[in-house]
Amino acid sequence: MDKKKRTPGIGTLCVQAGYKPGKGEPRQIPIIQSTTFKYETSDQMGRLFDLEDSGYFYTRLQNPTNDHVAAQIAELEGGVAAMLTSSGQAANLFACLNICSAGDHLVSTGNIYGGTFNLLGTTLPKMGIEVTFISPDASEEEISAAFKPNTKLLFGETLSNPGVEMLDIEKFARIAHSHGVPFIIDNTFATPVLCRPFEFGADIVTHSTTKYMDGHGVAVGGALVDSGNFDWEAHTEKYPGLCAPDPSYHGLIYTKAFGKLAFITKATSQLMRDLGSIQSPQNAFYLHLGLQSLHVRIARHSESAMKVAEYLENHPDVAWVKYPGLKNDPHHELAKKYMSAFSGVMCVGLKGGRDFDNRFMDSLKLITIETHVADCHSCILHPASHTHRQLTDEQLRAAGIAPDLMRLSIGLEDPEDIIYDIEQALAAAHCHSERSEES
Ligand SMILES: *Cc1c(COP(=O)(O)O)cnc(C)c1O
């Protein structure tokens with residue numbers, strides 16, 4: 001027997017990290033469905049508001065159920081602390097606002113999730129925070145050229161939504177650090193089971209827990225995780241929010257008072273206090289159920305997606321398939337370097353044109369048309385007909401979305417049934433076209 005203490009594997013962390021019940025306590029995490037918490041003396045309550053004691057007082061700031069799940073996600077990512085938010089959008093907003101204020105600038109890859117693209121490109125500029133989008137495949141010199149003296153962070157996605165392009169995490173961490181800013185990465189599509197970005201130099205991770213972490217299409221949610229590695233105090237003038245006194249807490253300095261926990265403590269005690277985007281304890285409970293089987297599910301998602309991608313790649317009706325697991329995929333080597341499997345989302349373009357695409361989607365029986373990805377149900381979305389329908393083909397291409405692109409999310413059904421469904425829908429789309437040509 002090896003006497004050295006064994007580091008638990010990711011599957012064990014999925015099942016057991018975070019919540020450690022004591023004698024006679026519930027085995028599953030309790031749902032603390034309470035807005036508030038009681039104290040014995042006025043002084044006890046006062047100390048909480050001065051951040052001198054830690055404790056629960058109001059669920060908008062912290063709740064024990066949420067904290068169990070946040071602690072689990074922090075462990076899964078190998079970070080020092082995490083917080084849950086009401087959505088993935090709120091997680092990305094908080095990640096930016098915890099660092100930037102009016103007059104600041106940030107750099108982001110342009111191939112990110114549409115909601116995040118709007119948040120960074122439309123809403124943050126209204127708040128006085130400017131953004132420069134860069135191509136994830138640009139050279140280090142080109143990306144560096146986007147940095148300005150007031151640039152405060154670099155942002156990207158591990159595996160982009162919808163394009164499933166693998167980011168070169170080490171390259172991005174290197175660029176961010178050479179400019180003295182943290183690298184924030186949205187790890188939604190990979191999950192910490194497939195990739196732990198802190199191991200490759202990322203500083204802060206965000207999640208839409210709505211996707212694989214929940215995994216059943218039950219609850220919208222998000223998470224913000226800090227590695228504790230970025231040295232804010234090496235750049236005190238750049239990060240006054242973390243390194244200068246906070247007048248709303250009697251001049252407390254987060255980095256001095258909380259060390260490696262400064263980032264998440266500030267996000268909780270300042271942003272959550274003022275912007276109130278807490279996840280409900282009930283949703284945190286659902287999220288936790290999802291996390292407990294994440295490692296088993298994501299393995300199956302990945303395995304089935306590989307089979308479907310290989311099937312599509314060889315189908316005569318298919319013009320192209322984008323899936324990082326395919327050997328010919330331009331991001332295959334990077335994906336192999338950073339991920340242990342290739343996740344369950346792919347993009348596909350058919351040869352038949354827009355009407356054929358629509359007949360194909362309408363003929364699917366098991367795969368459903370949904371504005372969602374990354375849960376147990378297989379689903380499909382055609383951005384040009386659905387989420388991005390206001391755009392012309394030219395505008396779509398400018399946004400990096402091919403007009404024929406369909407995003408296919410492979411669920412947990414039997415892969416043979418998923419393939420059969422695609423097969424019959426392609427055949428049906430042909431039948432309909434022959435019928436309309438005859439008439
Ligand atoms: C869905 C998604 C988001 C937004 O999350 P919500 O939970 O829908 O607010 C952010 N980033 C990525 C990569 C996503 O897929």
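At 8% relative accessibility, K152 falls in the buried class (buried is under 20% relative accessible area, exposed over 50%, and partly exposed in between, with a 1.4 Å probe and protein chains only). This is a predicted model, in which local features need pLDDT of at least 70 and side-chain atom pairs count only at pLDDT 80 or more, while totals for chains, interfaces and linings use all residues. Residues are numbered from 1 along each chain as its sequence is written, and side-chain values use heavy atoms, with hydrogens and water left out.

K152 pairs up with D104 in a salt bridge, the closest N and O atoms sitting 2.9 Å apart (a salt bridge is a side-chain nitrogen of Lys or Arg within 4 Å of a carboxyl oxygen of Asp or Glu). The pair ties together distant parts of the chain, 48 residues apart: K152 belongs to strand β4 (residues 151-157), and D104 to the loop between α4 (88-97) and β2 (105-109). Helices (H or I, at least four residues) and strands (E, at least two) are DSSP runs, numbered from the N terminus. D104 is buried too, at 9%.

The structure has 13 salt bridges. Another one joins the side chains of E52 and R47 at 3.3 Å, N to O. Here E52 is partly exposed at 47% relative accessibility, and R47 is partly exposed at 31%. Elsewhere, R273 and D274 meet through their side chains at 2.6 Å, N to O, with R273 partly exposed at 23%.

Leaving out residues up to four places away in sequence, L312 touches V318, V321, M346, V348, L408 and I422, contact meaning heavy atoms within 4.5 Å. F360 sits in helix α15 (residues 354-363) and is buried at 5%. With neighbours within four places in sequence set aside, F360 contacts L350, I380, M406, I422, A425, L426 and A429.
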